[in-house]
Amino acid sequence: MSTPKNQFSPRIFSGIQPSGGLTLGNYLGALKRFVEKQNEGIETIYCLVDLHAITVWQDPARLRDQTREAAAGFIAAGIDPKRSILFNQSQVSAHAELGWIFNCVARMGWMNRMTQWKDKAGKDSEKASLGLFAYPSLMAADILLYHATHVPVGEDQKQHVELCRDIAAKFNHDYGVDFFPITQPVIEGAATRVMSLRDGTKKMSKSDPSDASRINLTDDSDTIAQKFRKAKTDSEPLPETLEGLKDRPDAKNLVNIFAALSDQSPTEVINQYAGQGFGTFKPALADLAVEKLSPIANEMKRLMADPAEIDRILGDGADRADVIAQPILARTLEITGMIRSRRT
Ligand code: TYM
């Protein structure tokens, strides 16, 4: 992990939307790596971004449940809420305040170029919420409110983190300061883009109408095994080299998932299974996935039985996040020319 050339000490921030259950994509592309960063001893701040979730309609009661469930998922996967800060975004109002400042720094043209905006708004962008359009600016606020230097994310968030860098650079330039870091995206490992189990050319997503396309972190062992056994593949055996997977997106996806779950490289997996058919590989993958994921599902269930304790953990995290965020917000407001005369 290289450190940006400025005065900022290493600090990790990342977030996940509680807009549905967590998927294997969220786990391998983000959560598993969040745990690794925490265990490397770097300061880590993780956020359930509920303000982002409401950029598309969310039923209020379900949003609350999904936020608690996502928090349970983080803890079950290995986030220790004492070592990391874990909280939900709306409890730290400075996110929305800095988000507004950044709405005035970011340019319409930058937002218009965001591929996720184009995908999510679709053809009927007139009917999309203003929040969905401004979404990347709030995401930049999430990151820069903590002067985070590194942001672990999956491949699909790269463009948003690059926009965060543009916002930081423009703010620093316009106001003649070196106040915000130029944050690095950290996109590492074998599964930075986990694909649908039904279509290896589409991203695995919590919003896919087909439940068989994804593994949910709450799926039980039988469901996990069945989904992998039924995953779409071709009829060829696995190739001798990675190169041989180039035009085989479904096979490549399963190899990458196997590699990420077993902490190996895709080449090591290919070396092990070269020449073998999916009749052998899929059951091995199903067993591995059950071994790695079912303890997480069981622990989530246990944690979900005590929602008050989850709320307490999120509240404690929000208090600690606020302590870091407030001085950075106050200084930002000062830099932008806002009068700060209340000292309560
Ligand atoms: P979200 O909620 O869509 O996804 C959360 C994280 O999971 C990763 N991810 C995947 N990785 C690999 N394969 C997949 N199929 C897959 N699906 C999701 C995402 O890349 C992400 O890292 N805008 C963000 C949330 C956010 C955020 C932030 C992230 C808001 N503020 C600040 C980092 C820093 C999002 O919608 O992620």
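Trainee: Which residues line the largest cavity?

Mentor: Begin with the general idea. Rolling a probe the size of a water molecule over the atoms shows where empty space is left. In this predicted model, the largest cavity is lined by Met114, Gln116, Trp117, Lys120, Leu132, Tyr135, Pro136 and His160.

Trainee: What volume does the largest cavity have, and which elements give two or more residues to its lining?

Mentor: Its volume is about 60 Å³. H6 and H7 are the elements that give two or more residues to the lining. Sorted by class, the lining residues are 5 nonpolar, 2 polar and 1 charged. With a cut-off of 30 Å³ or more, the count is 1 cavity.

Trainee: How much space lies in the second largest pocket, and which element gives the largest share of its lining?

Mentor: The second largest pocket holds about 450 Å³. Of its 21 lining residues, Asn103, Leu130, Gly131, Ala134 and Tyr135 are the closest to the centre. H7 gives the largest share of the lining, with 7 residues. At least two residues each come from H2, H4 (94-103), H5 (108-112) and H7. By class, the lining has 13 nonpolar, 7 polar and 1 charged residues.

Trainee: Last, a pair of helices. At what angle do the axes of H10 and H11 cross?

Mentor: For a helix pair, read the distance and the angle between the axes. The axes of H10 (residues 249-261) and H11 (residues 266-273) come within 8 Å and cross at roughly 110 degrees. H10 is therefore roughly perpendicular to H11, because angles of 65 to 115 degrees count as roughly perpendicular.

Trainee: Which residues make the contact?

Mentor: On H10 they are Val255, Asn256, Phe258 and Ala259, and on H11 they are Pro266, Val269, Ile270 and Tyr273. This contact has 7 nonpolar residues, 1 polar residue and no charged residues.

Conventions
Residues numbered from 1 in each chain as written. Predicted model: local features only at pLDDT ≥ 70, side-chain atom pairs only at ≥ 80, totals over all residues. Heavy atoms only, no water. Axes fitted to C-alpha atoms, helices over the stretch in contact; angles between N-to-C directions. Helix = DSSP H or I, 4+ residues; strand = E, 2+ residues; numbered from the N terminus. Parallel < 35°, antiparallel > 145°, perpendicular 65-115°, else oblique. Contact = heavy atoms within 4.5 Å. Nonpolar A, V, L, I, M, F, W, Y, C, P; charged D, E, K, R; others polar. 1 Å grid on protein atoms, 1.4 Å probe; cavity = no way out; pocket = protein on both sides within 12 Å on 5 of 7 lines; lining within 4 Å. Points joined across faces, edges and corners; volume = space filled by probe spheres on them.
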